[in-house]
Amino acid sequence: MSRKLNLAVAQLGPIHRSESRSAILGRLMEMMREAKGRGAELVVFPEAALTSFFPRWFIEDEAELDSYYETAMPNPSVQPLFDLAVQLGIGFHLGYAELAWENGRKRRFNTAVLVDRNGRVVGKYRKIHLPGHADYEADRPFQNLEKRYFEVGDLGFPVYSYEEWQVGMCICNDRRWPEAWRMLGLNGAELVCLGYNTPVTDPRTPQHSHLTSFHHLLSVQAGAYQNGVWAAAAGKAGVEEGWPLVGHSCIVAPSGEVVALTSSVEDEVISAVCNFERNREIREHIFNFEKHRQPHTYRKIAE
């Protein structure tokens, strides 16, 4: 008997600095309703889905910076999304900026949670591969201050049970690193959910601008294929505060095939019925970890 999951990805168009949490939440809720209308059992939202992508700005005022973070999940401003999920009977993945007080210390992470159909957070991931830089660089037309505004994630690459499926998470730049996918594969993931905010142009490598979508899809397809997992990648897209972000949110099969792809840079929902028997085509044959991996030859990777 096949094991199938009706999966949706909800791409966000641009979120501007002046847009309120309630307006952003209204957009997410509308897409959640559309996903449910397609029969989806789980919907994947992007990285930092509740705000404009603030690491592009050098923010010195602590109170202003704090305003971009969530101190709890859920919280009163986000609770309507959780309530709607319960009402509709749909789970979701949500990326956000997390402010946590741990051991008397203020900590900031780029975080995602997995929420079940009862509105219960069943998993959390904190982004590990932080791109960008920590100090203001005057020659840049926009900043990427993730190394200033976030700590490296400290939860590893856990895999969580979402009903009968094993789900892992990564965020944006993580998708470019094969180690992230391999850790999720080794931990038993059948589905990897990820969100991203990827600018079309990197000021340091403008010669790669025409390859940005290609590199994005290449990373997701390779990660899915080489680990025999389904992948759901939800992006923020369109021109946000003057800077274009890559679209091409997608659902990718364990074979590496793109089975659903957005065709706009606006709010857009895509969906696919994922048959998890297909994972076995890869995991029991081509990339059978137990039979074919040779970890003793890979030691330099971790040195």
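Here is a short tour of this predicted model, stop by stop, for you to follow in your viewer.

Before you start selecting, note that residues are numbered from 1 along each chain as its sequence is written, and that side-chain values use heavy atoms, with hydrogens and water left out. Because the model is predicted, local features need pLDDT of at least 70 and side-chain atom pairs count only at pLDDT 80 or more, while totals for chains, interfaces and linings use all residues.

**Stop 1: α1 and α3**

Select residues 21-37, helix α1, together with residues 79-88, helix α3. Helices here are DSSP runs (H or I, at least four residues), strands are E runs of at least two, and both are numbered from the N terminus. Two packed helices are described by the angle between their axes and the distance between the axes. For α1 and α3, the axes come within 10 Å and cross at roughly 15°. Axes are lines fitted to C-alpha atoms, for helices over the stretch in contact, with angles from 0 to 180 degrees between N-to-C directions. The pair is therefore roughly parallel, a term for angles under 35 degrees.

Which residues in α1 meet α3? Show L25, L28, M29, M32, R33 and K36 on α1, then P80, L81, L84, A85 and L88 on α3; contact means heavy atoms within 4.5 Å. By class, this contact has nine nonpolar, no polar and two charged residues. Nonpolar covers Ala, Val, Leu, Ile, Met, Phe, Trp, Tyr, Cys and Pro, charged covers Asp, Glu, Lys and Arg, and the others, Gly among them, are polar.

**Stop 2: a cis peptide bond**

Now select M73 and P74, and look at the peptide bond from one to the other: it is cis, with omega near 5°. P74 is in the loop between α2 (62-66) and α3.

**Stop 3: Q143**

Move on to Q143, in the loop between β5 (121-126) and α4 (146-149). Is Q143 buried or exposed? At 4% relative accessibility, Q143 counts as buried. Buried means under 20% relative accessible area, exposed over 50%, and partly exposed in between, with a 1.4 Å probe and protein chains only. The side chain of Q143 reaches the backbone oxygen of E137 at 2.9 Å. Leaving aside neighbours within four places in sequence, the residues in contact with Q143 are P55, R56, H133, D135, Y136 and E137.

**Stop 4: two positive phi values**

Select E163, in the loop between β6 (159-162) and β7 (165-171). E163 is not a glycine, yet has a positive phi of about 55°. With a relative accessible area of 44%, E163 is partly exposed.

Then select E241, in the loop between β10 (238-240) and β11 (243-245). Here phi is near 50°, again a positive value in a residue other than glycine. E241 is partly exposed too, with a relative accessible area of 30%.

**Stop 5: α5 and α6**

Next, take helix α5 (residues 178-186) and helix α6 (residues 212-227), whose axes come within 9 Å and cross at roughly 30°. To see the contact, show W181, R182 and G185 in α5 with S219, V220, G223, A224, Q226 and N227 in α6. These residues divide into three nonpolar, five polar and one charged.

**Stop 6: E284**

Finish at E284, in helix α7 (residues 278-286). E284 counts as partly exposed, at 37% relative accessibility.

Note on methods
Angles under 35 degrees count as roughly parallel, over 145 as roughly antiparallel, 65 to 115 as roughly perpendicular and the rest as oblique. A polar contact is a pair of N or O atoms within 3.5 Å; within protein, one must be able to donate a hydrogen and the other to accept it, and residues adjacent in sequence count only if both atoms are side-chain atoms.
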